[in-house]
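Hi,

Here is the structure I promised to pass on. Have a look at it first, then read my notes on the salt bridges below.

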Amino acid sequence: MRRVGRNNGYWVVGLVLSCLLVASVVSAKTTVEIWTPFNSGVHHDAFNALVEEFNETHTDIYVEHYGQTGFKAEKYVMGMLSRVLPDIGWVAPSWIMDLYSDDVLVPIDDLAARDGFDTSSFWPGAWHVRVNGHQWGMPFEIGSDAVVYNNDLFSYAGLASPKPTWTWDDFVSVARKLTVPKETYGFQRLSANYQVIQWIWRNGGNIVSEDETKATFTDPKAIEALQWFADLSLVHSVVGGNFSDGTAAMFVSHPGWYQANEGYWSFEPGTAPTPIPQGGTRASSSYYKEFVLFRSTPEKQEAAWTFLQWLMEPDRIAEWYVTTGYLPVSREILMTSTYQFHLMENPWLNPYVAELDYTRDQIDDNVLQLFSEAVSLAVSGKMTAQGAMEAMQPTVQLYLDEKYGL
């Protein structure tokens, strides 16, 4: 009995020493904390798998991933006030411009230039360098818009699939042929400001100047595009119904919406590029998200940067885009064999991918909110597009003057 007890004692002592050894090894690592909205489902599992792979292959850095629920800008606002912030944070650039300063973040472009990290492959709507002279975050998510259509309704109306290049006039003509009053409509319009601005871009207009300091709501091209958008219902009567239940034949969406809803449709869907006006240009919102590095200790900042470079290696991150349905943020990732095979299996993605070369930065959320008021007035017929945009111009300029201290 005494011998057994003595052996048990040796075993306990050995276990304690082993635990202490493991603890000392873990504590010797630089811990990097990362916040994302990936708190459940395929996004959470896929990102956690990458984090685990990194931790298993790196002896000096340990990454802790915290998927958040209800992830909004307020998370960072409260974090800045309480001085409790992660080392890496997932951010929508239009959320909170106060983040983008040397006091809060480490500029990604400075690190990329220092270490020879190639940024030339990122799409124009991803690597943007427009806030206080820096690219603050590592591009991670990007989207674009395409027309999703009900192929069954097109067939019933004797219409072929939309042409790869079609004009606004073509769009109206097709929508009118697809409309059967009180039964089906050519187009379900989403009047969300971030979509309407893209119709203006395609017409060669904008609602702010290139440096974003001047409101250009009275730009004739912007007014013309908004009136065209409003006239889809006010003049042509092609707006109504619901795409998902088969009472609307066309809808404009980003790929995440398509993938989330595809399994619920009782008809054959198709996708096509968004139409542009005669003499217009291709343009799409980037629906852009990025990872930023918060200021901390030099050791943590370097460890966080090491993780981001590892994460964004094309052959590695391509699997993330395939698994989650996001579009690749660079041409290099797009051209990997993993993503090219994915495109072959999912040809509906091609119109979205084709738009990536034409993605543009998102506009300030407050400007878009004011723009949405002009949109509502125009599409309801309460004011003409010109009247609505002229009425909103002074308010937007006042906001921009205050924002930039002009």
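**Salt bridges in the model**

Asp-357 is partly exposed, with a relative accessible area of 39%. Keep in mind that this is a predicted model.

So what does Asp-357 pair with? Its side chain meets that of Arg-331 in a salt bridge, 2.7 Å from N to O. This pair links distant parts of the chain, 26 residues apart: Asp-357 sits in the loop between helix H14 (350-355) and strand E11 (359-360), while Arg-331 belongs to helix H12 (residues 331-334). Arg-331 is partly exposed too, at a relative accessible area of 32%.

In case the idea is new to you, side chains of opposite charge can pair when their charged atoms come close.

Now try Glu-302, which forms a salt bridge with Arg-114; their closest N and O atoms are 2.8 Å apart. Here again distant parts of the chain are linked, with Glu-302 in helix H10 (residues 298-311) and Arg-114 in helix H4 (residues 108-115), 188 residues apart. Glu-302 is partly exposed at 34% relative accessible area, and Arg-114 counts as partly exposed at 46%.

Then there's Glu-313. Its side chain meets that of Arg-316 in a salt bridge (2.7 Å, N to O), and Glu-313 is partly exposed, with a relative accessible area of 38%. Which residues are linked in a network with these? Glu-53 joins Glu-313 and Arg-316 in a network of salt bridges.

How many salt bridges are there by this count? The count comes to 10, and the pairs above are among them.

Cheers

Technical notes
Residues are numbered from 1 along each chain as its sequence is written. This is a predicted model: local features need pLDDT of at least 70, side-chain atom pairs count only at pLDDT 80 or more; totals for chains, interfaces and linings use all residues. Side-chain values use heavy atoms; hydrogens and water are left out. A salt bridge is a side-chain nitrogen of Lys or Arg within 4 Å of a carboxyl oxygen of Asp or Glu. Helices (H or I, at least four residues) and strands (E, at least two) are DSSP runs, numbered from the N terminus. Buried means under 20% relative accessible area, exposed over 50%, partly exposed in between (1.4 Å probe, protein chains only).
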